[in-house]
Amino acid sequence: MSGNSPYVSKHARFNFLTRSVRDRSRVGQRSSLPLSFAPSNASVTTAPSTASDAGSAGDSSSKSGGDLTTPEGSIKQTETSSNSSSTSGVVSAASSSSIALRCGKGHDLMVSASARESVAIRQEVETLRAEITKARQTILHMQEREKKQKENSRMNERIVRGNPRVENMNLGERRPSALVRRYSNLYAQARVDTLDALDSLPDLKNAEELKSKLLFSVVVLSFRSASASASVLRDEVRRVLQAPPPPPTSDKDHHTYADYCPSHNSYDNNSQALEQAISVFVTANIQKHDLTKNVDEVCQQIYATLYDYPALKSCEGLLQYIKDCVRLAWGLSNQSPPFVIDYETRTFRKEQHVRFHMADPEKDSIKTYLWPALLEGPGGPTVQKGVVIT
């Protein structure tokens, strides 16, 4: 039955037309998908009172698809179109001010200009942080370097002041520890080589005890000659500079020293610095000092004592051994404090002596010395044990 039939009531005709218009509007909305809706104050009109008005309304709606009148309200399509166009303009404007970035997974992401500026600022901040971290590390490295330099300078000051427990590493083989090691090698190696050289002499081939005493006497005479030369050298320097000698260390020496030089009380820090400077200079030039006089002195004493063995004068091994002993004794005698040898103790002590393999381990009485003990200063600690026979 048509909506224009005269047998249809006004209410039924109105419902029919309204339903048709609603269906068409829904289809238009699905196809266009507008971005905005009409405002809430849309125009609302009352239902038509005549069938002709309703028909004209239906005809106009079917032709233009324009304004629709319902009891609940109507949405103007023109407003919807204008809102859609304005929204599209905003989206296009936003798209023009954005940039596409590709993430780690390969997807393109739209980033606006403000976001791009924030990323640049963050990168600059990270760069500044890295530079600050590097600068801090450089400062720490320079502080550590300065600290090491201060420690080295303090060590050098201690060396100048004569601290025996601190060595100057720049001296190399002239350091006290190196000289003590050479003293040990002198017994372990040079002494054995010299014994082999003496075995080549027919007169001393079977005189083992004589050869041992000869090499022991060379060490004792070398230290005695070197110590005397060191004392003469220091006395000459004091005499030229008019400096007082150092005070004695024992009561007996104090009495003799006071009788000899009553002005010993004038010994002050400057005099002590002079003594230390002499030790430093002589120690630094151990290999350059002329010791020919000392070598000749030791040789003359050996030859005069063993005049029955003239072949000793032609033994090159013995002469080289004497030179090595004199040079080493000169270096040890000019340390601060000077190293001395001990061969007067007649009772065996573990901290100072070691028994020869032929010695009696049950006895503590020392019969003879094969090698003297080396002490760090008179009455000081033992740095190299002596070899004895008990």
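F216 is buried (under 20% relative accessible area, with a 1.4 Å probe and protein chains only), at a relative accessible area of 14%. The model is predicted: local features need pLDDT of at least 70, side-chain atom pairs count only at pLDDT 80 or more, and totals for chains, interfaces and linings use all residues. Residues are numbered from 1 along each chain as its sequence is written, and side-chain values use heavy atoms, leaving out hydrogens and water.

Aromatic rings of Phe, Tyr and Trp (its six-membered ring) pair if their centres lie within 6.5 Å; planes under 30 degrees apart count as stacked, over 60 as edge-to-face and the rest as tilted. The count by this rule is five aromatic pairs, including these:

| Pair | Centre distance | Plane angle | Class |
|---|---|---|---|
| Y183 and W371 | 5.5 Å | 50 degrees | tilted |
| F216 and Y343 | 5.9 Å | 90 degrees | edge-to-face |

F216 in helix α6 and Y343 in the loop between β3 (339-342) and β4 are 127 residues apart. Helices (H or I, at least four residues) and strands (E, at least two) are DSSP runs, numbered from the N terminus.

Beyond its neighbours within four places in sequence, R234 is in contact (heavy atoms within 4.5 Å) with E275, I278, S279 and N334.

Strand β5 is joined to β8 (residues 386-389) by three bridges, and the two run antiparallel. Y369 stands opposite V388 in β8.

Notes
Pairing = 2+ DSSP bridges. Buried < 20%, exposed > 50% of the residue type's maximum accessible area, 1.4 Å probe, protein only.
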